[in-house]
Each structure stands twice: as C-alpha cells, then as structure tokens.
Amino acid sequence: MAPAFVETPQPAATYVRNGTGEYKEAYIGGPKAFRQDAELKGTEKQPPAKYPHYLPTWDPEKKYPPLQLFEHYEHGKDADPSFPNLLQKAQVTELTANTGAEIHGAQLSKLTDKGKDELALFVAQRKVVAFREQDLADIPIQAALDFGGYFGRHHIHPTSGAPAGHPEVHLVHRGADDTTARDFFEERTNSVTWHSDVTYEKQPPGITFLYLLDGPVAGGDTLFANQSEAYRRLSPEFQKRLHGLKAIHSDTAIEQADNSKNRGGVVRREPVTSIHPLVRTHPATGEKALFVNPQFTRRIVGYKKDESDFLLKFLFDHIAKGQDFQARVKWAPGTVVVWDNRVTAHSALLDWDDGQRRHMARITPQAEPPTETPFEK
C-alpha cells in the first residue's frame with residue numbers, strides 16, 4: 001500500500017495524560033489532523049507549504065525489524081582542532097559563555113570530509129550550533145541524507161511521519177490553521193519538556209541535524225541544556241556517587257504507541273527498552289555528561305522506586321533550572337541547528353497559537369552505545 005495523506009481534520013488533539021509525552025504529542029500532529037488541501041493550496045490565512053515534498057506521510061503497512069547493533073566511527077576524533085576547513089570563511093558568535101554558537105558563512109552541504117570531521121568536534125565542544133543561510137532544505141532529500149549519513153547510521157523513528165520514500169527523515173509538523181495549542185494549555189501551564197532524542201535506543205543519536213522548512217514569524221524557539229556543564233556543577237562527591245549507576249530508558253511503549261494510534265498514525269517497530277549509565281563519556285572530547293532526561297529515563301537500576309524517583313527528580317530539576325548552562329535558539333529561514341545529542345538536552349516551545357505552520361526535518365545519525373570512563377576528580 002502506498003503512503004497516503006489523510007484529509008480528515010480533528011478539532012482537538014487527544015493526549016495520554018500520564019505526565020510524559022503529552023508535549024511532544026501536542027507539538028507534532030498526525031494523520032487525523034493533517035489537511036492535504038490546506039498544506040498544498042494554503043488557507044484563507046496561511047500560504048501553501050514551501051516544501052510540499054517534505055510533507056509527512058504514514059504508511060501503515062511498512063514495518064521495520066528491531067535495530068541491530070553496529071560499529072560506530074567517531075569522526076570528531078580525526079578533526080583538526082583549529083577547524084581550518086569548517087571555519088576558514090565563517091563568522092562565529094557564541095550564544096552564551098559555555099553553550100552554543102551561531103555561524104554565518106559556512107555551507108554545510110559543501111563541506112569536505114575533513115570539514116565534516118571538524119563539524120563533529122566543534123559541535124561536541126559547543127554542544128549546539130545554529131548555521132544560518134543554509135541550503136539543506138533546497139537540495140534533494142537524498143542528498144541531505146547522504147550528507148547526514150557520514151556521521152552514523154540513520155535512525156528511523158518508530159511513529160513519526162516522514163516524506164514519501166524517505167523514512168529516515170523525522171518530521172516535526174503542525175499544519176496551517178492548527179490551533180490545538182489552546183487545547184493543550186487547558187491541561188498544562190507551560191510546554192517545557194526537556195529530553196534527549198530517542199535515548200531508549202541501544203545506540204542513541206550523536207550529531208543531529210534539524211532544519212527549518214516553514215515556521216511562524218515568532219515562536220517555536222528551541223532551548224538547549226549543556227549536560228556536560230550540568231555534570232561539572234555537581235560536587236566531586238556527588239559526581240563520584242553517580243558513577244557506576246545505570247538507568248532504564250524506555251520509549252514509553254504504551255504511551256507512544258497509543259498516542260500515535262490516537263492520531264491515526266503508525267507504529268513501525270516494536271517498543272524498545274535500554275539500560276544506560278547515568279554519566280557517559282564523549283569519545284572525541286573525553287568530557288563526562290549527565291545522561292538522563294524526564295522524557296525517557298524511567299528508573300535507576302538497583303534502587304527502590306522511591307530512591308530512584310528522588311535522585312532522578314533532583315537531576316531533572318538540576319538540568320531544567322540551569323539557565324546558566326542553557327542556550328536558546330531562534331529559528332529563521334535557512335537555519336540548520338546541529339547538536340550533539342550525547343551531551344545535550346533540549347525542549348521546543350509551544351508558544352504560538354495563531355495557526356501558522358511549523359514544519360521541520362530532522363536527520364538523526366546514531367552513535368556508539370553510551371559508556372562511562374572511570375571516575376576522576
């Protein structure tokens with residue numbers, strides 16, 4: 001069966017109200033909310049989609065087997081730390097003193113392999129980098145995937161919509177005239193939900209690319225937290241106590257699958273649960289970083305539930321409240337945001353409700369299984 005658009009609009013979204021996942025489900029529509037005519041032709045208030053070939057499709061017949069482990073190669077270890085190929089013509093502005101950068105004058109799609117190696121290291125060091133005036137959205141989708149594939153095996157999301165023929169592209173899409181944010185805020189006071197992407201996988205993503213296709217004039221910014229700096233802020237004794245601990249990461253199997261089905265969506269692969277260290281070491285920089293997030297981290301192995309909840313709540317609050325190791329990225333046409341999912345957490349903001357379209361594409365190369373090196377003060 002070929003992928004199909006579903007044109008029946010729904011006046012409101014349906015959420016599983018369990019404290020996890022509502023935000024991401026509210027942020028991304030689904031087949032029931034998708035309106036093909038509104039996207040292709042526009043509406044009275046909104047123009048047509050700028051990139052119709054990137055509009056989401058859902059093929060209910062397409063299933064994928066469990067992901068198999070693979071040998072990841074870390075290109076950041078090969079990089080020249082002076083970044084002659086990446087930054088020779090670029091203007092670099094730091095977003096904050098310890099997190100993030102904005103770059104003009106470097107075209108990602110034109111980078112040589114040496115430039116890509118430097119990109120991997122630079123992003124690992126700065127954690128998140130916003131590249132402006134990029135053409136990634138304008139080149140063929142397969143060319144964009146070929147570029148991203150240099151950094152690892154493409155992840156295929158188990159439930160999200162994807163462009164026809166390209167399941168490796170994860171789409172973030174809220175369509176024209178979609179005002180379901182108002183329904184969401186009937187139950188929530190804010191939309192901030194910190195997470196690192198798909199940490200339930202055995203090999204979660206490393207360098208990750210998200211590029212804007214269509215967006216509101218204002219709103220929909222993305223927050224990023226520096227998980228390495230969050231780790232360094234802890235006392236040496238507390239750091240020592242975290243080392244050796246492992247936690248269960250789950251894709252909220254029932255919730256995510258049910259939310260997808262409620263939206264008329266798909267479940268391409270059976271749910272996954274993995275066990276990862278609470279602290280992981282980056283293979284290129286040697287930095288240690290907290291590796292927990294409230295979206296997917298469920299429980300610390302070997303701890304009673306009350307003990308695990310207590311410690312995880314502290315770590316989640318520590319990350320969320322650390323405005324002095326966070327950065328905020330404002331989207332604009334031609335923007336590609338690149339971050340290292342191993343050492344950051346992020347949260348998009350659902351702060352516009354006037355029906356402007358928000359349409360983005362994510363390329364998500366997987367990296368190595370998380371590991372930690374011995375504790376050092």
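**Exercise 1. Classify the exposure of arginine 328 and of its salt-bridge partner, aspartate 221, in this predicted model.**

Solution. 
1. Arginine 328 has a relative accessible area of 47% and therefore counts as partly exposed, since this class lies between the limits of 20% and 50%.
2. Aspartate 221 has a relative accessibility of 9%, so it counts as buried.
3. The two side chains meet in a salt bridge, with an N to O distance of 3.0 Å.
4. Arginine 328 belongs to strand E12 (residues 326-329), whereas aspartate 221 is in the loop between E5 and strand E6 (222-226); the pair therefore ties together parts that are 107 residues apart in sequence.

**Exercise 2. Determine which parts of the chain are tied together by the salt bridge of lysine 377 and glutamate 237.**

Solution. 
1. The side chains of lysine 377 and glutamate 237 form a salt bridge at 3.9 Å, N to O; the cut-off is 4 Å.
2. Lysine 377 is found in the segment after strand E15 (358-363) and glutamate 237 in helix H8, so the bridge ties together parts 140 residues apart in sequence.
3. With a relative accessible area of 77%, lysine 377 is exposed.
4. Glutamate 237 is exposed as well, at 52%, because the class begins over 50%.
5. The structure holds 24 salt bridges. One of them joins the side chains of arginine 174 and aspartate 178 at 3.3 Å, N to O, and both of these residues are buried.

**Exercise 3. Assign a geometry to the ring pair of phenylalanine 184 and phenylalanine 185, and then to that of phenylalanine 238 and phenylalanine 314.**

Solution. 
1. A pair of aromatic rings is described by the distance of the centres and the angle of the planes.
2. The count for the structure comes to twelve aromatic pairs.
3. For phenylalanine 184 and phenylalanine 185, the ring centres are 5.1 Å apart and the planes stand at 70°, so the pair is edge-to-face; the threshold for this class is over 60 degrees.
4. Phenylalanine 184 is buried at 1% relative accessibility, while phenylalanine 185 is partly exposed at 33%.
5. For phenylalanine 238 and phenylalanine 314, the centres lie 5.2 Å apart and the planes are at 55°, so the pair is tilted.
6. This second pair links distant parts of the chain: phenylalanine 238 is in helix H8 (residues 236-242) and phenylalanine 314 in helix H10 (residues 305-320), 76 residues apart.
7. Phenylalanine 238 is partly exposed at 26% relative accessibility, and phenylalanine 314 is partly exposed at 38%.

**Exercise 4. Identify which charged residues lie over the rings of tyrosine 150 and phenylalanine 291.**

Solution. 
1. Lysine 116 is placed over the face of tyrosine 150, 5.0 Å from the ring centre.
2. Tyrosine 150 also belongs to a cluster in which ring pairs link Phe147, Tyr150, Phe151 and Phe209.
3. Over the ring of phenylalanine 291 sits the charged end of arginine 280, at 4.6 Å from the centre.

**Exercise 5. Summarise the chain as a whole.**

Solution. 
1. The chain comprises ten helices and 15 strands.
2. Of its 377 residues, 57% count as buried.
3. Among contacts with a separation of 6 or more, 84% involve residues 24 or more positions apart.
4. The chain exposes about 16,000 Å², of which carbon and sulfur atoms supply 53%.

Key:
Residues numbered from 1 in each chain as written. Predicted model: local features only at pLDDT ≥ 70, side-chain atom pairs only at ≥ 80, totals over all residues. Heavy atoms only, no water. Helix = DSSP H or I, 4+ residues; strand = E, 2+ residues; numbered from the N terminus. Buried < 20%, exposed > 50% of the residue type's maximum accessible area, 1.4 Å probe, protein only. Contact = heavy atoms within 4.5 Å. Areas by Shrake-Rupley, 256 points an atom, 1.4 Å probe, with all protein chains shown as cover. Phe/Tyr/Trp six-rings, centres within 6.5 Å; stacked < 30°, edge-to-face > 60°. Lys NZ or Arg CZ within 6 Å of the ring centre and 35° of its normal.
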